[in-house]
Amino acid sequence: MVRARLLLKDSPQPPKVPDSLRVSRFALLAPIPSVAMPEFSDLDQLLKALSEGDREVFTRVFELLWDPILRLCVRLMGERDGADVAQSSMLSILERANEYDWHRPALPWALAIATWQCRTQLKRTERLRETTDEKPNESDGGAAAEEQEQRVLLNAAMEAMGTLSETDQQTLIATYWETASSVSGATLRKRRARALGRLRDAFRRLYGLD
Amino acid sequence: MDSIDLARLSREARSRYERARLGLSVAGAAPVLFVVAAAAVLGKRPSSVAFFGGLLFVTGVVLLWRGRDLRLALWPGVLTGLIPLAFALIANFGHGCSGDHCSSLCVPACTAGGVTAGVVVSVIATRLKLGWRFWLSASAVSMLTGAMGCACVGYSGVLALVGGFAVGLTPQVARRVFASR
């Protein structure tokens, strides 16, 4: 199975991202291990039913969403914070289930909400770190520093993603997770290319990267 | 991650879902209050309008909150209920006299409005192939809307509305019952 890679070129002079990260790729955009995904057409139908008030499908929707949301959050936030953010994401997604637009695929919609939650949490963590002026621990061979750098980079990527339209965000998320999209074929490729272009533009605008 | 209590998380998510749904339902049913306000201004009995209007609003919120067929019943019910309501409000401005005896036109207006509303509700339900839940809830909403005006001569007006509505529903109900046999 070919995994989609969304690559951004490195820059010689990034103003905000640490120098050590110039050769890194976005953690968010790195390839992920192959995983079994739920039947998304089922999820679309079930979430549509839930948005119309069919309570019988609630548990099934919860079960179908939990694994992808948890994996996304752990991937973005790490083991420690990922589970907590996954839980708050599930609450947020199911709270907004009534607003689900059933013309759009359900999983990218849910993952976009979870991504937003992760972004918010990352910002909060970053702000807390700035106020407490936490220094990375050098005794662990630089692992903590690397983790912090990854977090900074991830935060930057999420910031750039946050400036895109909801459709662009969902297209990129659907591409990354290889989930069903509302469109396919040439339309999907064009939409993906445009979304990627806008992501690059946003990143360049925010951080001066090419 | 082993410590995540999914059952508790699911319960909390369900509770959030219900609360959000209730909030949306209150917002969704709020336009009904404009109809209630108009009926209170134009009608003769504000207390009856407040009683039936309050019931109408609560019924609307419950229908939208429960969802499925029930949520579809609110606006067809309100719109068809406007027929007897308008008839009754117009009838308030006149009366009929024969010889020495004069009487309000409210009761005949409510009967005629009820029949019309009943026919319209049953035709909508039949055309859209909706179930009994829709029939019952749309009928209740329609009658509550009409009752705000039909209380013009006390509860006899409301009874006339209900009777007329039942007559209006009868042809399609009979057709449906016989078709299912």
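Predicted model: local features only at pLDDT ≥ 70, side-chain atom pairs only at ≥ 80, totals over all residues.
# Chat on a two-chain model

User: Which residues are exposed on the other side of α2(B)?
Analyst: F34(B), A37(B) and V41(B) are exposed there. Residues are numbered from 1 along each chain as its sequence is written, with chains lettered from A and ligands numbered from 1 in the order in which they are written.

User: And which residues of α2(B) are buried?
Analyst: V32(B), V35(B), V36(B) and A39(B).

User: Why are they on the same side of α2(B)?
Analyst: Because their arc around the axis is only 100 degrees. The arc is taken from the directions running from the helix axis to the C-beta atoms.

User: What do the buried residues of α2(B) pack against?
Analyst: Four helices of chain B: α1 (6-29), α3, α4 and α6. Contact here requires C-beta atoms, placed from the backbone, within 7 Å.

User: Zooming out, what pattern does chain B follow along the sequence?
Analyst: α-α-α-α-β-β-α-α-β-α. That is seven helices and three strands. Elements are DSSP runs, numbered from the N terminus: H or I over at least four residues for helices, E over at least two for strands.

User: How much of chain B counts as buried?
Analyst: 45% of its 181 residues. Among chain B contacts with a separation of 6 or more, 75% join residues 24 or more positions apart.

User: Which residues touch the most other members in the largest nonpolar core?
Analyst: A88(B), C106(B), C110(B), A147(B), C150(B) and L161(B), in a core of 52 residues. A nonpolar core is a set of buried Ala, Val, Leu, Ile, Met, Phe, Trp, Tyr and Cys residues joined through C-beta atoms within 7 Å.

User: Which element gives the most to this core?
Analyst: α4(B), with twelve residues. Elements of chain B that supply at least two residues each include α5 (106-127), α6 (132-150) and β3 (152-154).

User: Take L161(B). What is in contact with it, leaving aside neighbours within four places in sequence?
Analyst: P84(B), C110(B), G113(B), G114(B), M143(B), G146(B), A147(B) and C150(B). There is also a second, separate core of 44 residues, with L94(A), L111(A), A156(A) and Y17(B) among them.

User: How many residues of chain A are in contact with chain B?
Analyst: 15, against 17 residues of chain B. The chain A side has eight nonpolar, four polar and three charged residues. Ala, Val, Leu, Ile, Met, Phe, Trp, Tyr, Cys and Pro count as nonpolar, Asp, Glu, Lys and Arg as charged, and the others, Gly among them, as polar.

User: Which residues of chain B does the UniProt annotation "transmembrane region" cover?
Analyst: The unreviewed entry gives 21-42, 48-65, 72-93, 105-128 and 140-167. UniProt positions are in the numbering used here, feature names are shortened, and annotations may be inferred rather than shown by experiment.

User: How far apart are the end C-alpha atoms of residues 72-93 of chain B?
Analyst: 34 Å, over a span that is 91% helix and 0% strand. For residues 105-128 of chain B, the end C-alpha atoms are 34 Å apart, with 92% helix and 0% strand.

User: Backbone next. What is the phi of R68(B)?
Analyst: Positive, about 55 degrees, although R68(B) is not a glycine. Most residues other than glycine have a negative phi. R68(B) lies in the loop between α3 and α4 of chain B. K129(B) also has a positive phi of about 55 degrees and is not a glycine. K129(B) sits in the loop between α5 and α6 of chain B.

User: Why does K129(B) count as exposed?
Analyst: Because K129(B) has 7 C-beta neighbours inside 10 Å. R68(B) has 15, so it counts as partly exposed.

How values were computed: Buried ≥ 20, exposed ≤ 12 C-beta atoms within 10 Å, placed from the backbone. Contact = placed C-beta atoms within 7 Å.
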